[in-house]
Amino acid sequence: NRSCSWAAKEWKARRRLSSSSLSLLSSSSAPPLLTRNNHLVSNKFNKIQVHRCESAQSIAEALEGEAGKLPHFCVAGVSNAGKSSMINHLLVKKNIARASSVAGKTKTIDMFVVNDAFVITDFPGMPSTDPQVDGMWKGKWRPLIKDYMTQVNDIRSFIYIHDIRWPIAADEVKFNKWMRRSFQIPSFLLLLSKDDKVDHNRRLMGLNNARNKLGFEHQDRHLHYCSNNSLAPCRRSRRLVLRYIESVLRFQDSSIDVGLPPK
């Protein structure tokens with residue numbers, strides 16, 4: 001009985017937390033959301049075009065095509081924070097983004113053109129404890145991100161993924177400040193990954209710690225995320241991220257075609 005009571009309390013706490021995150025999306029100051037039957041991303045099939053760019057020239061070449069005409073959502077975070085897993089989960093693809101337990105798996109700027117409607121760009125992971133990754137980050141990957149940010153025409157959002165179980169590293173703070181100060185980005189989203197691995201108290205501690213140290217302001221949104229599709233809260237987190245993307249696109253471009261892609 002005690003275990004059942006604890007489980008019920010934990011579930012109610014999760015629902016309250018999810019509701020508070022959702023309220024950020026549906027508040028009067030937030031962009032209007034799309035209707036339930038009118039989505040940009042399907043649960044079954046999505047047309048994805050991939051550009052893996054390892055130089056400023058390859059970024060420029062990719063942006064000469066369809067990717068250069070569409071709005072972009074860039075995704076960043078420390079290695080193994082769950083960037084690639086989130087993208088695969090979001091787009092219903094097994095390994096279109098290179099997910100791995102090995103740090104530094106993403107070594108290029110990866111642009112995913114989604115249903116000819118928008119682009120999700122996966123940045124190389126920031127270094128954690130691997131000195132080799134740290135050297136690659138400072139010598140090549142961070143300059144490559146700068147090349148991308150200065151070349152792309154239409155950045156709609158910066159999505160920063162942080163594993164809710166981890167402390168905030170000094171390099172994360174510096175990178176987030178650099179992104180805010182150096183580039184004009186209209187919307188920021190803090191995505192707290194691995195949410196299914198923590199209890200309610202640790203979830204609140206991780207949220208407050210991340211928002212405060214990473215400099216996310218009152219108007220900046222946050223969502224809790226997990227990629228285990230067998231769990232209802234994880235499926236819900238995917239829907240909330242898609243609603244965020246749709247709301248940003250609808251708010252800034254009322255002429256965009258938001259019809260459901262063919263199955």
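**Close-up views of a predicted model**

The structure, a predicted model, holds one disulfide.

**View 1. The disulfide between Cys 226 and Cys 234.** Look here for the bond that joins Cys 226 to Cys 234, with an S to S distance of 2.0 Å. The angle about the S-S bond is -110 degrees, and the link of Cys 226 and Cys 234 is left-handed. Both partners, Cys 226 and Cys 234, are buried.

**View 2. The buried side of helix H2.** Helix H2 spans residues 56–63, and its buried residues include Ser 58, Ile 59, Ala 62 and Leu 63. Why do these four lie on the same side of H2? Around the axis they cover an arc of only 135 degrees, which puts them on the same side of the helix.

**View 3. Confidence along the chain, with two stretches to treat with care.** The protein chain has a mean pLDDT of 83, and 76% of its residues reach 70 or more. Over residues 17–36, however, the pLDDT is below 50; this stretch has 33 contacts in the model beyond near neighbours in sequence. Residues 254–263 also have a pLDDT below 50, and here the model shows 22 contacts beyond near neighbours in sequence.

Technical notes. Residues are numbered from 1 along each chain as its sequence is written. This is a predicted model: local features need pLDDT of at least 70, side-chain atom pairs count only at pLDDT 80 or more; totals for chains, interfaces and linings use all residues. Side-chain values use heavy atoms; hydrogens and water are left out. pLDDT is the predictor's confidence in each residue, from 0 to 100. Contact means heavy atoms within 4.5 Å. Buried means under 20% relative accessible area, exposed over 50%, partly exposed in between (1.4 Å probe, protein chains only). Helices (H or I, at least four residues) and strands (E, at least two) are DSSP runs, numbered from the N terminus. The arc is that of the directions from the helix axis to the C-beta atoms. A disulfide is a pair of cysteine sulfur atoms within 2.5 Å.
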